[in-house]
Amino acid sequence: MNRTIRRASVFTLLLVFALLVRATWVQFYEGRALADDSDNRRNAIETYAEPLGNIVVAGESITGSARTKGSDLAYKRTYTDGPLYAAVTGYASQAYAPTQLEGIYADVLNGTDPRLKTVTDTVTGGRAAPGNVVTTIDPAVQKAAYRALGDKKGAAVAIDPETGRILAAVSTPSYDPTALTGANTAGEAWTRLNGDPDKPLTNRALRQPLPPGSTFKLVVAAAALEDGLYSSVDERTDSPDPYPLPGSSKDLTNENPSAPCENASIRVALQYSCNNVFGKMAVDLGQDKVRDMAEEFGFNDDEQDVPVRAYASVYPSDMDPAQTALSGIGQFDVTATPLQIAMVSAAIANDGELVSPHMVSRVTDSGGDVLEDHDEDASARRIVSSSTAEQLRSAMRTVVDEGTGSNAQLSGATVGGKTGTAQHGENNSKTPYAWFTSYAESGSNGKKVAVAVLVEQSDAARSEVSGNGLAAPIARETMKAALRD
């Protein structure tokens with residue numbers, strides 16, 4: 001064989017070897033990455049080749065799958081009462097990444113979760129039958145909160161304090177997830193929803209922390225009682241009215257200048273929402289002790305999963321004394337989600353113990369066998385002593401029976417609560433946020449519930465914006481539904 005032919009042969013063999021190496025690399029090393037690539041349409045074709053599993057509320061599926069026409073995606077997701085449950089389900093879209101429970105349990109709902117495979121599936125290599133996600137949501141409570149919020153911009157969360165089950169998670173204005181499911185129609189809906197200034201895609205119940213205002217005074221009161229700064233909610237405090245902010249020429253005043261806030265006890269200070277008392281209390285305790293108590297309740301937790309990842313509620317660090325005073329009334333850089341504020345009331349209602357909040361009861365395979373049991377796995381941790389919790393419940397009852405939370409009164413039930421009106425904008429130039437958090441116990445069946453309501457924006461005149469005026473009636477309707485026989 002002459003030299004030219006020999007060299008050509010070697011070169012050809014090297015090319016073949018390079019192709020084999022490249023093919024092996026792609027198949028065994030890059031194959032998974034290519035298969036998982038969001039731009040690989042085969043994934044969407046496979047996902048929507050069969051009906052998806054369902055999200056279940058009170059034994060009824062609130063999701064479904066519909067046959068498509070003229071598309072290589074055989075099925076698309078459908079929703080029953082989509083706007084009502086959007087803050088729970090999120091959406092499963094042929095065009096966009098899934099969100100909320102649809103996103104977290106996508107593998108279960110489309111049958112690709114390895115736990116769903118049977119022996120037959122393993123042998124044949126076929127996709128398993130999809131599983132289902134059973135929620136803790138009570139449809140009556142969800143509907144009551146949704147209807148009570150109406151056309152207001154806001155949110156409501158209701159928790160069973162003894163079990164941690166989230167009975168309602170509502171965000172308004174809402175949207176219909178069905179508009180985002182079809183590949184051909186999702187783009188227009190996506191543009192419209194993202195361009196809406198009211199931000200209907202934002203889950204205000206779990207994922208929009210805002211200043212909690214005076215609802216945060218419950219955390220400061222808990223810190224004062226646990227620390228021993230005051231021995232009971234009826235001990236008079238050392239609180240001048242107005243309270244001169246340390247290192248500042250400004251005073252911390254009260255909304256109602258005639259309220260008996262000077263040296264008021266914790267009970268009276270909660271009843272009249274006295275800023276001077278809790279501002280000074282936060283300074284007397286020091287920001288570290290207040291932060292420790294806030295974190296016990298769940299603030300500053302970047303991994304708060306229910307199982308949807310909730311945004312962290314924040315109690316800040318490195319404040320000067322004046323800023324610490326403002327933090328004591330839920331202002332400065334303090335922020336909280338309605339979920340977090342509901343957790344505060346839930347722990348107080350449950351004798352000082354916080355059961356981990358969750359809105360999924362269990363995850364099952366197609367036959368109903370349980371893959372995850374979040375009710376059984378729910379953990380509890382003590383936040384405050386039983387004595388502190390009892391005293392705070394008593395003071396919260398005074399708020400509803402004789403104070404600023406009268407609109408939450410509910411016949412046949414014991415109700416305690418705390419109002420909040422949080423400043424919004426520089427020098428409070430924008431409409432304030434109205435908050436209300438509460439607990440209730442039925443006198444007939446012993447049921448309990450903890451609720452937090454945020455009204456971010458309404459049609460009410462600025463002078464009429466208050467926790468009692470806007471948020472407490474929503475909490476009342478939510479509690480009423482939760483305590484029904």
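**View 1. Helix 3 meets helix 7.** Pro83, Leu84, Tyr85 and Val88 in helix 3 meet Pro139, Gln142, Lys143 and Tyr146 in helix 7, where contact means heavy atoms within 4.5 Å. Six nonpolar residues, one polar and one charged make up this contact of helix 3 with helix 7; Ala, Val, Leu, Ile, Met, Phe, Trp, Tyr, Cys and Pro count as nonpolar, Asp, Glu, Lys and Arg as charged, and the others, Gly among them, as polar. The axes of helix 3 (residues 82-89) and helix 7 come within 10 Å and cross at roughly 110°. That makes helix 3 roughly perpendicular to helix 7, a label for angles of 65 to 115 degrees, while under 35 counts as roughly parallel, over 145 as roughly antiparallel and the rest as oblique. Axes are lines fitted to C-alpha atoms, for helices over the stretch in contact, and angles run from 0 to 180 degrees between N-to-C directions. Helices (H or I, at least four residues) and strands (E, at least two) are DSSP runs, numbered from the N terminus.

A note on the model: this is a predicted one, in which local features need pLDDT of at least 70 and side-chain atom pairs count only at pLDDT 80 or more, while totals for chains, interfaces and linings use all residues. Residues are numbered from 1 along each chain as its sequence is written, and side-chain values use heavy atoms, with hydrogens and water left out.

View 2. Gly82, Leu84, Tyr85, Ala86, Ala87, Val88 and Thr89 are the buried ones. What do these buried residues of helix 3 pack against? Their partners are strand 1 (55-57), strand 4 (75-79), helix 4, strand 5 (132-135), helix 7 and strand 7 (166-172). Just after helix 3, look for Gly90, which takes a positive phi of about 70°.

**View 3. Glu102 in helix 4.** Glu102 is found in helix 4 (residues 100-104) and is buried, with a relative accessible area of 2%. Its side chain makes a polar contact with the side chain of Tyr79 at 2.7 Å; such a contact is a pair of N or O atoms within 3.5 Å, where within protein one must be able to donate a hydrogen and the other to accept it, and residues adjacent in sequence count only if both atoms are side-chain atoms. Neighbours within four places in sequence aside, Glu102 also touches other residues, including Ile55, Thr63, Arg77, Thr89, Gly90 and Leu109.

**View 4. Helix 7 alongside helix 17.** Helix 7 (residues 139-149) and helix 17 (residues 467-482) pack at an angle of about 165°, with their axes 8 Å apart. That makes helix 7 roughly antiparallel to helix 17. Ala140, Val141, Ala144, Ala145, Ala148 and Leu149 in helix 7 meet Ile474, Glu477, Thr478, Ala481 and Ala482 in helix 17. By class, the contact of helix 7 with helix 17 has nine nonpolar residues, one polar and one charged.

**View 5. Lys250 in a loop.** Between strand 8 (243-244) and strand 9 (251-252) lies the loop that holds Lys250. Lys250 is exposed, with a relative accessible area of 56%. Not counting residues up to four places away in sequence, Lys250 touches Tyr243, Pro244 and Leu245.

How values were computed. Buried < 20%, exposed > 50% of the residue type's maximum accessible area, 1.4 Å probe, protein only.
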